[in-house]
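These are my notebook entries on one structure. I record what I looked up, entry by entry.

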Amino acid sequence: MLRSHTCGELRPGHIGSSVRLGGWLARVRDHGGLIFLDLRDRYGVTQVVVDPRVSAASHTLAEGLGRETCILVVGHVRERSADTVNSAVPTGEIEVVAEEVRCLASSRVPPFHVEEAGALAPETRLRYRFLDLRREWSQAALQRRSAAALAIRNTLAERSFTEIETPFLVRSTPEGARDFIVPSRTEPGSFFALPQSPQLYKQLLMVSGCDRYYQIVRCFRDEDLRQDRQPEFTQLDLEMSFAEEEDVMEVTEAAVAAASRACAEGDVPHPFPRISHREALDRFGTDKPDLRYGLELVDISDLIRESSFDIVRSVVEGGGVAKTISAPFALSRAYLNDLIAFAQELGAAGLAYIRVDDGGSALEGTLAKLFPSAVQERLIERAGATPGSFLLIVSGPREMTNQVLGAVRTRLARDFLDLSGSRPEFVWITDFPLFEPDPVNGRPVPAHHPFTSPAEGESLEGVDDPFQIGSRSYDLVLNGVELGSGSVRIHDPTVQARVLGMLGMEPDAVERDFGFLLQALEYGPPPHAGIAVGFDRLVALLLGTHDIREVIAFPKSRSGESLVDGAPAPVSEDQLVALGLELGPDLGRVR
Ligand code: ASP
């Protein structure tokens, strides 16, 4: 090796040793006679002193070196004088006296200070991602991501899982999101799709007897981007034969806990709590609850009936519900007015608030008079309200009330709680419905995907309301963010065809798009279940960021471009001809 040590390695024990360090110039300080270089690599920073009395040639060279030049320093390690010790860095007690400085590669003036890149516009960072990645934080993120993947692989290998690759050029199937498609040269006019997930392949692998499969695999979805979405992203994908919900959950917990330890974020206690979909909506107003804090939704419909709070009472008597959150914060009138407007924007008629007095056993203000004092006490107790808290009340149809108070809950947490230091809270949400209404036309669409098994004992024949059918699916949620979903799968071809039919697929479309799956299910498929966990997202959340781009080496920009190499880009006429493709008149850009 050109180098003998890394820039993060030298300690007082090395004093007197001869060393060779390679790295990039993070900073150059010319103190008249002496030049100080901060030499950086992915392991750390070491201070190099270039003294003309030790090497006049090196000093002359160092005078001309710019930031981010790649250099090699040959020298010896010396103790720093007491007043120059820097206890903030691990190498801060020593410095390297240069006997020779060699420029390995010069650098143009970089567009930003690497150390400060974290504060720049994402587009600038992504265009110069190769420089942005020289930063300590980015390096640590890549290291930890790699460590997390390794820990997951080890954990699954110990449990007899086999890592199996599945194709990236697949058939386009109507499975959820929009596919990226790839034209075929050998069959002009036909197309591959890039997989949205290896779902069907892993099910085929179960039919093949590969009873425990996993992959840390890239998936592709042509969706509009949001901060936590990328068109290509990585999943920990796994599938198990002869397995049920709890088996998948146990393995996933072990894998996630190993990833957390590997990211140096410590152990995560497991088993994680399990909450049914219905209960999650009732208690937290969402199927992705953040369990780092309480602020739960409490049903007070029965107490409202005993009050003379007529507006709300008539809602309850008309079949709606009334629910409250107790907010133990000093909420100003302006803030409360904002909350009312917020609730109304989300569809509530309004939001009522009542303060609990400082004694903690009675309500205060004009609305208090509408509640007999015994009811006030029960209300305070039910809501778990502390003295001085505000009871925030919303009423209406159950679903809307949950949704609005769920959003209020998240907003209160954002505005009043500092969650930065709190430990990650994982939770399983179980028992989702099989179908949910399409937001546009109200027709049934899969709540998870069409290969999810209906709940045990659930009949699909003669159902009036498909939305009442339960499923054997489960979601993994971390700190209010959906991290993964999975299910026990359908392994009976008749049931599978029936579910596809309930989704509105005609029999020939079923045959055309999913015939290969139905056929495989006719050859003794074992019962099987699995899950996919968003690996980018898991690492990002473990490292305390919501932005998955921070843990992806070369992420796409918000508009879906790869700024570092300018993809997507036009191709040549020859390439198009070979594929039998012609661009429309407005798209006639060829290379
Ligand atoms: N393939 C599914 C997904 O990507 C996960 C699963 O059910 O295993 O969401």
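A crossing of two helices counts as left-handed if the near helix is turned anticlockwise from the far one by less than a right angle, and as right-handed if it is turned clockwise. I note at the outset that this is a predicted model.

**Entry 1: a helix pair**

I recalled that two packed helices are described by the angle between their axes and the distance between the axes. I looked up helix H4 (residues 136-158) and helix H15 (residues 535-542), which pack at an angle of about 120°. The axes of H4 and H15 are 10 Å apart. Angles from 65 to 115 degrees count as roughly perpendicular and those over 145 as roughly antiparallel; H4 and H15 are therefore oblique to each other. With the definition above, I recorded that H4 passes H15 in a right-handed crossing.

**Entry 2: the ligand site**

Which residues are around the ligand? I listed Ser197, Gln199, Lys202, Arg221, Gln235, His448, His449, Ser485, Gly486, Arg489, Ile531 and Ala532. By class, this shell holds seven polar, three charged and two nonpolar residues.

A side-chain N or O atom of Arg221 is 3.0 Å from an oxygen atom of the ligand. For Gln235, a polar side-chain atom lies 3.1 Å from a ligand oxygen atom. Ala532 contributes a polar backbone atom, 3.5 Å from an oxygen atom of the ligand.

How much of the ligand's exposed area does the protein bury? Taken alone, the ligand exposes 270 Å², and the protein buries 91% of that. The elements that give two or more residues to the shell are helix H5 (199-207), strand E21 (481-488) and strand E22 (528-534).

**Entry 3: backbone exceptions**

Most peptide bonds are trans, and most residues other than glycine have a negative phi. I looked up departures from both patterns.

The peptide bond from His270 to Pro271 is cis, with omega near 5°. Pro271 lies in the loop between helix H6 (245-262) and strand E11 (274-276). The bond from Ala567 to Pro568 is also cis, with omega near 0°. I found Pro568 in the loop that joins H15 to helix H16 (573-579).

Glu68 is not a glycine, yet it has a positive phi of about 70°. Its place is the loop between helix H1 (56-63) and strand E4 (70-79).

Technical notes. Residues numbered from 1 in each chain as written. Predicted model: local features only at pLDDT ≥ 70, side-chain atom pairs only at ≥ 80, totals over all residues. Heavy atoms only, no water. Near = heavy atom within 4 Å. Polar contact = N/O pair within 3.5 Å; in protein donor to acceptor, adjacent residues only side chain to side chain. Areas by Shrake-Rupley, 256 points an atom, 1.4 Å probe, with all protein chains shown as cover. Helix = DSSP H or I, 4+ residues; strand = E, 2+ residues; numbered from the N terminus. Nonpolar A, V, L, I, M, F, W, Y, C, P; charged D, E, K, R; others polar. Axes fitted to C-alpha atoms, helices over the stretch in contact; angles between N-to-C directions. Parallel < 35°, antiparallel > 145°, perpendicular 65-115°, else oblique.
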